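Dear colleague,

I am passing the structure below to you, and my notes on what was found in it follow. Please read them with the sequence and the model side by side.

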Amino acid sequence: MAILVNRHSQIVIQGITGREASMVTRHTLAYGTRIVAGVTPGKGGQEVCGVPVHDTLAAACRYHRIDTAVTYVPPAFVYDAVAEAVACGIRFAFIPTENVPRHDAMKLLALARRAGVRVVGPNSVGIISPGERVKLGAIGGDNPERCFLPGPVGVISRSGGMTAELAWMVKRAGFGVSTAVSIGGDALIGSTPRDLLQMFQADPETRAVVMFGEPGTTLEEEAADFVEQGGFTKPLVGFVAGRFVEELPEETVFGHAAALISGKVGRPSAKISRLREAGALVAEDFEDLIPLVREAMGRAG
C-alpha cells in the first residue's frame, strides 16, 4: 500500500513538452508509473515518450480518467494550471515548480482547500512509493533503486535532496520505504508533515516514519502536537538540520524560502525539544538516524 499515489493512479503532466518535464516523463514511465496524458497548449496531437499530448486539460479529461495532475509549468502559470485541474475535478495536484509567486500560492492553496483537492508542493522534488513502482517528479532520477527500496518506513522531508538521503539511511539500516514525500521548501505549501503523518497512520504497511526538518515555520512543532494528541501512534524518528542558523542575525533566510527564524519561531532547538517531548526519537547527528531507525522498527514489532 502507498499514500498519495499508487499503481492505479492515472496521471497527467501539465507542460509535458518542456525539457525537464520530458526528461522526468521518460524516467517516470521507465519506473512503471502510469502517465496517461500530457498537456501543452498548441501542441495537441503530439506525443512525448508515447504519451499523447492535448491542448487543454479539459480535452485530456475527455479521453482519460485522470486523478492526479503534475504541474511542470513556469511559476507565473502554476495558479492557472492548478485552477484548471480543480475545475476538471482532479483530486490531487503535485507541484514541483519553485519560485511560485507567494500571492499565487495563497490563492491556489485556498482554491484547492475549498474544492477538497490535496496538494503537495510547490517546490517539491517528488513522491515515490517503491512497492507500487510509482513516482511523481524528479525524485530518484533515472535510478530510483539506488536509494528507494520497498519497505515499511515512511519518509517526510522539507528538503528535496534530503528525501533521497533519508531513504538511503533507511536502506543502510536494513529497511525500505513505503512512501517518501518531499513536501517542498517554500513558506506556503500544501500537505504538511502533520497531514502526512495522518495518512501514514492509516497505511497498514507503514510501521514507522522518518522526518527531516529545517529552520523556519512551525511544521515540526505541529507534527509533534499531532503525535502527542495520539493522532500518530507509530514510532517517529526525526532530524532537524541547521542549528547553527540560530547564531546568525535574526530573519536571515538560509536555504529554502521557509527557512527563516523570527523571534522564537522557527528555531531548530525548539523543534528538537518539542519532538522529543512528544516521544519522537530525534537524532543529534545525521548518522545517528541508522541506529534510531533500527530502534524504531524494534518498537514497531
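**Overall make-up**

The chain has nine helices and 14 strands, where helices (H or I, at least four residues) and strands (E, at least two) are DSSP runs numbered from the N terminus. Please keep in mind that this is a predicted model, in which local features need pLDDT of at least 70 and side-chain atom pairs count only at pLDDT 80 or more, while totals for chains, interfaces and linings use all residues. Residues are numbered from 1 along each chain as its sequence is written, and side-chain values use heavy atoms, with hydrogens and water left out.

For 301 residues, a compact globule would have a radius of gyration near 19 Å, and the chain agrees with this at 19 Å; the radius is taken over C-alpha atoms, and the globule rule is 2.2 Å times the number of residues to the power 0.38. Taken along the principal axes, the C-alpha atoms fill a box of roughly 55 × 40 × 30 Å. Of the 301 residues in the chain, 55% are buried, a term that means under 20% relative accessible area, with exposed meaning over 50% and partly exposed in between (1.4 Å probe, protein chains only). Val 153, which lies in strand 10, counts as buried at 1% relative accessibility, and its C-alpha atom is separated by 9.3 Å from that of Phe 200, 47 residues apart along the chain.

Seven strands form an open sheet in the order 3-4-2-1-5-6-7, with mixed pairing; two strands pair if DSSP finds at least two bridges between them. Strand 3 (47-48) and strand 7 (118-120) are the edge strands, each pairing on one side only. Strand 6 (residues 92-94) and strand 7 run parallel and are joined by three bridges, and Phe 92 stands opposite Arg 118 in strand 7.

**Salt bridges**

With a salt bridge taken as a side-chain nitrogen of Lys or Arg within 4 Å of a carboxyl oxygen of Asp or Glu, the count comes to eleven. In one of them the side chains of Glu 220 and Arg 158 meet at 2.9 Å, N to O. Glu 220 lies in helix 7 (residues 219-228) and Arg 158 in the loop between strand 10 (150-157) and helix 5 (160-172), so this pair ties together parts that are 62 residues apart in sequence.

Another salt bridge joins the side chains of Asp 225 and Arg 274 (2.9 Å, N to O). Since Asp 225 lies in helix 7 and Arg 274 in helix 8 (residues 268-277), the pair ties together parts that are 49 residues apart in sequence. Asp 225 is partly exposed, with a relative accessible area of 29%, whereas Arg 274 is buried, at 16%.

**Pockets**

A pocket here is an open set of points on a 1 Å grid over the protein atoms alone, where a 1.4 Å probe fits and protein lies on both sides within 12 Å along at least five of seven lines; lining residues have an atom within 4 Å of a point. The largest pocket has a volume of about 340 Å³, a volume being the space filled by probe spheres set on the points, which are joined across faces, edges and corners. Its lining has 19 residues, of which Glu 20, Tyr 72, Pro 96, Thr 97 and Glu 98 lie nearest the centre.

The second largest pocket has a volume of about 260 Å³. It is lined by 16 residues, and Gly 15, Val 39, Thr 40, Pro 41 and Val 73 are the closest to its centre. Helix 3 (residues 78-87) gives the most to this lining, with three residues.

**Backbone points to check**

The peptide bond from Gly 121 to Pro 122 is cis, with omega near 5°, and Pro 122 is found in the loop between strand 7 and strand 8 (126-129). Cys 49 has a positive phi of about 55° although it is not a glycine; Cys 49 lies in the loop between strand 3 and strand 4 (51-54).

With best wishes
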